[in-house]
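Dear colleague,

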Amino acid sequence: MGPDRHEGLQQRMKYAMLVDPRAEGEGAPCLSLPAGTALDDAAGALLRLLAAKECPDRILIVVGGEEVGTTSSTYLRAVLGTQASRGPGDEVRAAAPGESTRFGVVAFRCAVCGSSAYTAFYDDRYRPECREGDHGPMELS
Ligand SMILES: [Zn+2]
C-alpha cells in the first residue's frame, strides 16, 4: 500500500520548490522523510544534510516512501539562502530555515557497495534498501 496517484501529485507540488529540475536522480543518495512532513521541516533536514561532513551534492527526496524529486546542494543553497536573507538585519538571518527543524538526519551506508542513504527519523524497524542493486538493507553509518 502507498499513497494513491492524486496524493502523490499533491505531495510533489508541495515540495516542488526543493526540487532542482536539472538534477539527475540516477545514483543520488536518498533522504527519506515521514509522510506529511512540513515543507520547512523537509528544508531543514536537507540543510542539515548539506551541512554534514561528507556532503552529497545531489539528494533524492523521498516522502512517505514516494519519490518527490532530486535536488542538488547548489540549487538548495541558492533557494533556501534567498529565503533566509529575505528580511532585514541579522536577527532574521539567525532564524534561517533549518534551525528550528524537528528532525535530525540519520545516515546509513550499504555494506556491499558503500553508497549512502539518509532518513530524517530513526526507526529501528526501518532501514533503507540499497538502490544500486540487490544489496539489501543498509546499515547505520
Ligand atoms: Zn549497495
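**Findings: sheet, helix and core**

Strand β4 and strand β6 (residues 139–140) pair in the antiparallel sense over two bridges, and Arg109 stands opposite Glu139 in β6. Two strands are taken to pair if DSSP finds at least two bridges between them. Helices (H or I, at least four residues) and strands (E, at least two) are DSSP runs, numbered from the N terminus.

Please note that this is a predicted model, in which local features need pLDDT of at least 70 and side-chain atom pairs count only at pLDDT 80 or more, while totals for chains, interfaces and linings use all residues. Residues are numbered from 1 along each chain as its sequence is written.

The confidence of the model is as follows. pLDDT is the predictor's confidence in each residue, from 0 to 100. Its mean over the protein is 81, and 80% of the residues reach 70 or more. A contact requires that the C-beta atoms of two residues, placed from the backbone, lie within 7 Å.

Turning to the fold, the protein has four helices and six strands, which follow the pattern α-β-α-β-β-α-α-β-β-β along the sequence. The six strands form an open sheet of mixed pairing in the order β3-β2-β1-β5-β4-β6. Its edge strands are β3 (66–72) and β6, each of which pairs on one side only.

Strand β5 (residues 116–119) has two partners to describe. With β4 (residues 106–109) it pairs in the antiparallel sense over four bridges, and the two form a hairpin with six residues between them, where Gly114 in the turn has a positive phi of about 80°. With strand β1 (residues 30–33), β5 runs parallel, joined by two bridges. Tyr118 in β5 is the bridge partner of Ala107 and also of Leu31.

Helix α2 (residues 39–51) lies across β1, β2, β3 and β5, at about 145° to β1; axes are lines fitted to C-alpha atoms, for helices over the stretch in contact, and angles run from 0 to 180 degrees between N-to-C directions. Its end C-alpha atoms are 18 Å apart, which agrees with the 18 Å that its 13 residues should span at 1.5 Å a residue, the expected span being 1.5 Å times one less than the number of residues.

Buried residues make up 30% of the 141 residues. A residue is buried if 20 or more other C-beta atoms lie within 10 Å of its own, exposed if 12 or fewer, and partly exposed in between, with C-beta atoms placed from the backbone. The buried residues of α2 include Ala42, Leu46 and Leu49.

The largest nonpolar core has 28 residues, and Leu31, Leu46 and Ile59 are among those with the most contacts inside it. Such a core is a set of buried Ala, Val, Leu, Ile, Met, Phe, Trp, Tyr and Cys residues joined through C-beta atoms within 7 Å. Helix α2 gives the most to this core, with seven residues. Ile59 touches, among others, Leu31, Leu46 and Leu49, not counting residues up to four places away in sequence.

Val62, in strand β2, is partly exposed because it has 18 other C-beta atoms within 10 Å. Its C-alpha atom is separated by 5.9 Å from that of Leu31, 31 residues apart along the chain.

Yours sincerely
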